[in-house]
Amino acid sequence: MDYIMIKELKKRNLLLFFLLSTASAGCFLPTNKLITVIGTGYVGLVTGAGFASLGNQVICADVNTEKINMLQEKGKIPFFEPGLEELVHTVVSTGHLSFTSNVDYAVANANILVIAVGTPSQADGHADLTALFKVLDTIIGTINSYKIIVVKSTVPLTTNKTIEQYILDKGIDHSLFDIVSNPEFLREGSAVYDFLNPDRVVIGSNNQSAAKCIADLYKPLKDGTVPLIITDTTSAELIKYASNAFLATKISFINEIANLCDRVNADIVTVAKGMGLDVRINNYFLNPGPGFGGSCFPKDSLELCATALANNVPLEIVQASLVVNDNQQALPVKKVKDMMGSDLKGKTVAILGLSFKANTDDIRYSPAIKTIELLQQELVTIKAYDPVAMYNMSLLFPAITYCNSIDDAVYNADAIVILTEWDEFKCIDWHKVRSQVRQPYLVDMRNIVDPIMCMNQDFIYEGVGRGLYKK
Ligand code: UGA
């Protein structure tokens, strides 16, 4: 807007009206983007470090002072995520990323506020938005200039609309903020790679300028070729939920087919390969296993089902995928019993892998939890080994034995159960292990071991959907 135009508007006493009415149409959009990310979980930290690596000025804020001190003073990431510590060190050293536990300060000193706090499940399946609304209250109490509030946390349908109304109801003028829903699709274990190489960027807002401003943050990625969806906030929210529920359903589907393979002597590895070559199906998420876990698929499927039911549209397929998953998580112990007989009392079982998948120390909804619970009911001695998740699991199950190595875990075991597809487990010397175990029962819930090689080492082997291998 040039000076003459401003003068003209002033003359007509229209400047104030213009500023107020166009603020939410994007006229105050920042040219110098200062980003604050609130929440330093794996989404917040990866997003903050990722945006910083693209040349933005970023503050990562969290009310958890212990976490912030760890990041600030020791440069330590509070969880295991490959490549993240290195990325954080780099962007801190270039001055693009800083940390604070003073959220007020972080809010006041940014024009883009990214909310990335947890939204865990409550008992009724609905997401708990307490942390999110706490952040909003902080923003409301601090807001001093126009901010784009970006919701990255996975939130139930229509939450972004509720947030907008909540802020307005607290007396904050719309000229001071816009809401943008920007769901994330990062996978734990490959979150840094996923941030830098997204399949798509989804942005929901009722303000096109704010949407574009956030979309521009992603422009440097993949030379600007990342497909971009700009839509309303509720559609953006649903893209996130429907994607996770669809992937979860795909896993439950292949798990059921694998269980059928076990009964009819078909080989799931070949079946999945044959299916996945059809480009309409594709080969991703067709690996059978001990059931899906993690903080997202179970929680998001539950939330979507609860919301849909409340809208009188029960999502029967998604509900079924959760039921199938519950049964699948009980399968490792069932397989052990089928092999060894139903009375496991006094036996020793070695569990290899505690995290819900490889490359993470996250144990939330991990199939290992149900496996341990069921084995404890059978009065089994449990020895467990995981490269990084033992500390987290010990908080939940302090009484089982945590071992420092695979060797320690399998020593004198009656059965070995592989639950996580860690690389370390893919190159186990089974000849050596055979000499360490008491009985040669092996349940491979990730199909990462060569069954014939194991059988030749005198193991009695069962994977998922591969049948029983026994000499
Ligand atoms: C998932 C989605 O993949 C991400 O796109 C999404 O951003 C994230 O949830 C989220 O909502 O935050 P994540 O939970 O980290 O990511 O892990 P996945 O790699 O998707 O695996 C989820 C579960 O499915 C794991 O238990 C894994 O072992 C299992 N899985 C996956 C299988 O059993 N078979 C497969 O073929 C693939």
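I am working from a predicted model, in which local features need pLDDT of at least 70 and side-chain atom pairs count only at pLDDT 80 or more, while totals for chains, interfaces and linings use all residues. Residues are numbered from 1 along each chain as its sequence is written, and side-chain values use heavy atoms, with hydrogens and water left out.

I looked up the sheet, taking strands as DSSP runs of E with at least two residues and helices as runs of H or I with at least four, numbered from the N terminus, and counting two strands as paired if DSSP finds at least two bridges between them. I found an open, mixed sheet of seven strands in the order E11-E10-E9-E12-E13-E14-E15. Strands E11 (401–402) and E15 (468–469) are at the edges with a single partner strand each, so one side of each has no neighbour in the sheet. I noted that E12 (residues 415–418) and E13 (residues 441–444) pair in the parallel sense over four bridges, with isoleucine 416 opposite leucine 442 in E13.

I found a ligand oxygen 2.9 Å from a polar side-chain atom of glutamate 184, and a ligand oxygen 2.9 Å from a polar backbone atom of glycine 293. For the ligand taken alone I noted 710 Å² exposed, of which the protein buries 93%, with accessible areas from the Shrake-Rupley method with a 1.4 Å probe. Helix H11 (233–264) and helix H13 (297–310) are the elements giving two or more residues to the shell around the ligand, and H11 gives the most, with three residues.

Note on methods
A polar contact is a pair of N or O atoms within 3.5 Å; within protein, one must be able to donate a hydrogen and the other to accept it, and residues adjacent in sequence count only if both atoms are side-chain atoms.
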